[in-house]
Amino acid sequence: MAVVRTSKVELPVNGDGAYAFLAQPDDEQQHPGIVLIQEWWGIEPHVLDLAQKLATDGFVVAVPDLYHGKVATEPDDAQRMMMLVRKNVDRAAKEIIGALDTLKQLPNVQPKKLGLMGFCFGGFLAYTVASRYADLGAVVPFYGAGYDPTPEEVAKVNAPVLAFYGKQDDSVSLEQIQKIDKLYKAANKAYTVRVYDAGHAFINPTHGMGNEQAAADAWPRAVSFLKEHLRP
């Protein structure tokens with residue numbers, strides 16, 4: 001198994017306090033870069049575990065901490081903290097873009113077109129930033145609730161997208177999933193959607209919503225998609 005090196009890096013955006021966790025292979029080789037965006041809980045162990053899994057698979061991964069050190073353990077707290085970020089999406093987007101720019105400047109990150117992956121409201125933010133950042137090679141939103149794009153926003157997404165959802169997810173209806181799919185297809189974008197017989201947050205096993213069967217299929221597909229589109 002590859003050895004992973006972890007660290008913390010300040011992000012030069014939004015004044016003081018913005019930072020990201022880094023996980024990367026502990027070698028002198030060049031690797032593709034990915035920004036991974038948290039769920040509504042914050043930077044909990046599950047998120048860092050995913051980052052280290054990606055690093056083991058040969059990626060340099062940055063995880064911006066949009067809650068600046070706070071982690072929710074109860075749904076009410078997570079909802080409150082998430083809504084504070086949702087009220088200022090531009091600020092969160094700047095920190096995510098700051099993480100992308102930081103990765104791009106690392107000498108061991110190649111190519112300079114990066115990957116973007118997000119979960120829950122991080123999936124929403126992955127979609128959102130994809131329409132604002134040109135140097136993306138792949139976008140992977142998992143169950144991105146609250147995403148209701150305009151055709152103009154879709155037109156600005158240049159990278160191929162692989163989106164994952166659950167049929168039993170109360171936060172994203174099948175009608176909305178189909179609407180997004182149609183908007184991307186109408187704009188001739190490279191958009192693939194996979195819908196599992198699962199609920200919300202099916203990748204995360206720690207809050208009673210995980211679905212092993214869906215996760216076992218979706219995660220390798222996501223990694224393969226990133227490898228395919230982010231070859232150095």
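Q: How much of the chain over residues 20–229 is helix, and how much is strand?
A: The model is predicted, and in it the chain over residues 20–229 is 41% helix and 20% strand. The range itself comes from UniProt, where an unreviewed entry lists residues 20–229 as "domain: Dienelactone hydrolase".

Q: How many helices and strands does the protein chain have?
A: The secondary structure of the protein chain comes to 7 helices and 8 strands. To judge how compact the chain is, compare its radius of gyration with the value that the globule rule gives for its length. Along the principal axes, the C-alpha atoms fill a box of roughly 45 × 40 × 35 Å.

Q: What share of the residues of the protein chain is buried?
A: A residue counts as buried when its relative accessible area is under 20%. In this chain, 54% of the 232 residues count as buried. The accessible surface comes to about 10,600 Å², and 49% of that belongs to carbon and sulfur atoms.

Q: What share of the contacts with a separation of 6 or more comes from residues 24 or more positions apart?
A: Such residues account for 68% of those contacts in the protein chain.

Q: Where do side chains point in a regular strand?
A: Side chains in a regular strand alternate between the two faces of the sheet. Strand β4, residues 60–64, can be read with this in mind. On one side are Val60, Ala62 and Pro64, on the other Val61 and Val63, and all of them are buried. Both faces of β4 are thus covered, and 5 of its 5 residues are buried.

Q: Which sense, parallel or antiparallel, does the pairing of β2 and β4 have?
A: Strand β2 (residues 19–25) pairs with β4 in the antiparallel sense, over 4 bridges. To find this pairing in the structure, look for Leu22, which stands opposite Ala62 in β4.

Q: How many bridges join β3 to β4?
A: Strand β3 (residues 33–37) is joined to β4 by 3 bridges, and these two strands run parallel. Ile34 stands opposite Val61 in β4. Between β3 and β4 the chain crosses through helix α1 (residues 45–56), and this β-α-β crossover is right-handed.

Q: What is the phi of Cys120?
A: Its phi is positive, about 60°, although Cys120 is not a glycine. Cys120 lies in the loop between β5 and α4 (121–130). With a relative accessible area of 6%, Cys120 is buried.

Q: Is Asn188, by its relative accessibility, buried or exposed?
A: Asn188 counts as exposed, at 71% relative accessibility. Its phi is also a positive value, near 60°, in a residue other than glycine. The place of Asn188 is in the loop between α6 (174–186) and β8 (191–196).

Q: How many residues of α4 are buried?
A: In α4, 10 of the 10 residues are buried, so this helix is largely enclosed by the rest of the structure. Among them are Phe121, Phe124, Leu125, Tyr127 and Val129.

How values were computed. Residues are numbered from 1 along each chain as its sequence is written. This is a predicted model: local features need pLDDT of at least 70, side-chain atom pairs count only at pLDDT 80 or more; totals for chains, interfaces and linings use all residues. Side-chain values use heavy atoms; hydrogens and water are left out. UniProt positions are given in the numbering used here, feature names are shortened, and annotations may be inferred rather than shown by experiment. Buried means under 20% relative accessible area, exposed over 50%, partly exposed in between (1.4 Å probe, protein chains only). Two strands pair if DSSP finds at least two bridges between them. A crossover is right-handed if, with the strands pointing away from the viewer, the path from the first strand over the helix to the second runs clockwise. The radius of gyration is taken over C-alpha atoms; the globule rule is 2.2 Å times the number of residues to the power 0.38. Contact means heavy atoms within 4.5 Å. Accessible areas come from the Shrake-Rupley method with a 1.4 Å probe; for residues, only the protein chains shown count as cover.
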